[in-house]
Amino acid sequence: MIKEKLSFTCDILLSHQQLACCDRYCGIPHQGKNVLIYSNKKTQQKPLLLTGHHGDISAMTFGKRSSPVTLCSASSEYIIIWDIEACQKRTEEGKLAAGTVIGTLLGNVVHLSFCSNDELVAVCSGTTIYVLNSKKQEVICTLNGHLGFLTSTEFCPWNTNILVSTSEDRTFKVWDLKIGAVFYQSFVLGGSPLLSVLFLEEEKQLITGSADGQVWCFSFDDDHKCHLVKKMDLQKMEKRYEMRQETLSYPQDVAEQLVANKVEISKPVIQMTSCGSFAEIQFGQEIDNSWFCVGSTDGLYVVELATSELLTVLYFKDNPTLNITMAGSWSICVGSDKSMVVLVSSLFTPCVVLLELCLSNLCRTGEKGGGGFSVFPSSPPLLESPLNAELKRKEPSHPKRKGGIKEKPLVFHSKVKSSGYNTTPRMTMFSAQTNAQKKTSPKKSIRHLGLLHRNYPEVSAAPTEPRTALSIANKQVSCLQYSGDGKKILCGLGDRSVLLYNSCLTGSPTAYIGHDKPVTSVSWSLCRQWWLSAAEDLSLRIWAKSYSEPAIILGDTMFSKPIRGAQFYYLDKFLVLTSGPSLYLYLYNVDLTRDDVKRYKHRSIIKLLWRQEVESFFFYSDIVLVSCSDRSIQVLDMNKGAVGSVLHDAHSRAIHCITQNKGSTFTSQAPESYNLFLTSAVTDGVKMWDLRTMRCVRRYENHVNLSHACSSAFSPCGRFIASGSEDKCAYVYDIRASTYLHKLQKHSDTVLSVAFNPAKPELLTGTLDGKLRLFQSSTGSHLSHDTSAAVHCISNVTT
């Protein structure tokens, strides 16, 4: 994977000096004042010698254009531009290679950079930036403002009038070259100097790295106001990478011990480069080009920006034939033939090596071998599968009597009308109704089975316009869930009650009381005829429509820990819940008929079918996703009744929320989209996973989540993600980008719960102090409230 093409022994140490490398040539200082230009493909040829400096060369860089190839070299007295092809031609003619002096006496130059069209050169000297004309000796502007020595500069690739600089004062500045002033100045990012900066043109983002291995990613919009998208730690990413590697060969506890015993070294972000031009390189099953390379002291780190994870690390120590073990400076160039050319200087010895890296051989750790999963079952359930279990109902037995007079009821009806002693006396007498109108018989609603209700707009903006604000309690809104038709909304509260609202939050809600402690989970059945609630009082209740009393109660010392999650499963055939470290699978039958004499006796039946030691969960057809307290995610195959796969260290903290991309009966998505799910953890943001590969595909961390269990949700169209936050805001993300689209402000407290309406583009949020806010889309079409035609047509996909 790493091939050494050239090793050059210098006369002086070049450990912290900027070197020059492009896809065709590399430049190495020689005898202090001269430059040797080697061909990357023909390193055995005699190098081109460039002379002209009177002092030691301190920085070099090649231009961005492929033709002509331009080199800029700097010393304390001269800044010289060289045309490599012209210099080679003069040398072949026996003449002396000559360059163009564009600057003089600018001091100790530490960094040089070209703009995208090679017309401007930025020179870093002390605390001053000189912007020079690359064609003639002219200073375009002089920029001052940093409190520490400059370390690097970079021109914006899509706007040559914008320049970004980093400094030892631990900040970066965005400069407007037209007026020579600062557009934006960052806060102090960390405790170590910033060393490098990188633009990602496709994502419109800016990345900077420090001497202690910290990497910050900022959005870089047209207003040039940088917003922090994510922060990465090279040391922590390396530990997670090593853990994934070790778990492929060793058990989890052994792998943790091996990683803990390794010696840690500092990992400065010396140089970064984008690898977005290699979009055709496949990692696993998907094509992804949101990754960049970081050159550090011990090797090259390939980072996936979307997930903040390492794809691979190329260590010098893994290649003992190399003439370098620790790097002092890097110059990285991505070639056009799926390769990368790197010029590296040794940290402790006067040596420079030219390396070639083959990018097509890079692969994600842990993706080889082992198949993934899918929400769509590939075969019917096995004969011995728990999913085939049926609830045996006992028929009432009536023993036959022999002879004698049979018992007969005293009345001829099954119900006896009340005498009326307990009713309120009638205060008004009978009055004739003179304006009575003939009632028209309601037409029977026709249900178009097998068709989806397609009223959800295919293209609409995210719901960000405030519509309704409602204060419902003094306790937290623990959970929210819309019914499948989008008409009703369940609100589980911290005051031990559950409120049932219309989706528009109008009218008085129906209150359901029975729990003794805060409600932790609510869930609608697929048929929307009943729903359940679970609470911290170790009980679960199933409620039927239009009934104030629960049809089924689970409790009475049946569970030892509070029920953290519960819902209907497999087309409402089963009931699943988690209590402590166990997952329970129940068969049940809701029977609402009661004997008038024995009203206390419930006829509903529930039976424990299966139990597994897990914790929090979510369900995909016959797949159950489980998040455990050891920060892992388990995939349970309910068809076999066994654990199918385990993903260790999914988050740095225990996962408190796991959410499936369910979609909606009012719209459709690509089949592959239903394999996505979200996980949330305190201090570790929201991660989106692909069930087919069991790896993280994107990470969202603009919101604040430091202590509370803030939930997250997919929109029905699958284009947006909403998350609660502790800064009194709700965040809406585009599923394709890591930075947030909208920040819904003016909440009264921490936003704990979020839920999308499945029938129309609306978002409901619930706060810690018991308030609800409803947001709607500003561009969505007006939707009909008649959702009676919505049906479920996919029978083999069960949720």
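The following legends describe close-up views of a predicted model.

Residues are numbered from 1 along each chain as its sequence is written, and side-chain values use heavy atoms, with hydrogens and water left out. Because the model is predicted, local features need pLDDT of at least 70 and side-chain atom pairs count only at pLDDT 80 or more, whereas totals for chains, interfaces and linings use all residues.

View 1. L387 lies in the loop between strand 30 (351–358) and strand 31 (463–471); helices (H or I, at least four residues) and strands (E, at least two) are DSSP runs, numbered from the N terminus. The relative accessible area of L387 is 1%, so the residue is buried. Buried means under 20% relative accessible area, exposed over 50% and partly exposed in between, with a 1.4 Å probe and protein chains only. Leaving aside residues up to four places away in sequence, L387 touches P381, Y569, Y570, K573, F574, D622, M638 and N639, where contact means heavy atoms within 4.5 Å. N639 is 252 residues from L387 along the chain, and the C-alpha atoms of these two residues are separated by 6.3 Å.

View 2. The whole structure contains 22 aromatic pairs. Rings of Phe, Tyr and Trp (its six-membered ring) pair if their centres lie within 6.5 Å; planes under 30 degrees apart count as stacked, over 60 as edge-to-face and the rest as tilted. Y570 and F574, both among the contacts of L387, form a tilted pair, with 6.0 Å centre to centre and 50° between the planes. Y570 counts as buried because its relative accessibility is 19%, and F574 is buried with a relative accessible area of 0%. The rings of Y731 and Y733 have their centres 6.5 Å apart and their planes at 25°, and this pair is therefore stacked. Y731 and Y733 are both buried. Elsewhere, F172, Y184, F187 and F218 form one aromatic cluster.

**View 3. Lysine charges over aromatic rings.** K204 lies over the face of W158, at 4.8 Å from the ring centre. The charged end of K317 is placed over the ring of Y315, 4.9 Å from its centre. A charge sits over a ring if NZ of Lys or CZ of Arg is within 6 Å of the ring centre and within 35 degrees of the ring normal.

View 4. Side chains of opposite charge can pair when their charged atoms come close. A salt bridge is a side-chain nitrogen of Lys or Arg within 4 Å of a carboxyl oxygen of Asp or Glu, and by this rule the count comes to 22. In the bridge between K267 and E238, the closest N and O atoms are 3.2 Å apart. This pair links distant parts of the chain, 29 residues apart: K267 is in the loop between helix 3 (252–260) and strand 22 (271–274), and E238 is in helix 2 (residues 234–246). K267 is buried at a relative accessible area of 3%, and E238 is buried at 7%.

**View 5. Further salt bridges.** R467 forms a salt bridge with E762, with the closest N and O atoms 2.5 Å apart. R467 belongs to strand 31 and E762 to strand 57 (residues 762–767), 295 residues apart. R467 counts as partly exposed, since its relative accessibility is 38%, whereas E762 counts as buried at 4%. In the salt bridge of R692 with D690, the closest N and O atoms are 2.7 Å apart. R692 is partly exposed at 22% relative accessibility, while D690 is buried at 1% relative accessible area. A network of salt bridges links R240, R244, E309 and K687.

View 6. Strand 12 (residues 128–133) and strand 13 pair in the antiparallel sense over five bridges, and T128 stands opposite N144 in strand 13.

**View 7. The hairpin of strands 20 and 21.** Strand 20 (residues 214–220) pairs with strand 21 (residues 226–233) in the antiparallel sense over seven bridges. V215 stands opposite M232 in strand 21. The two strands form a hairpin with five residues between them, and H224 in the turn has a positive phi of about 60°.

Definitions and conventions:
Two strands pair if DSSP finds at least two bridges between them.
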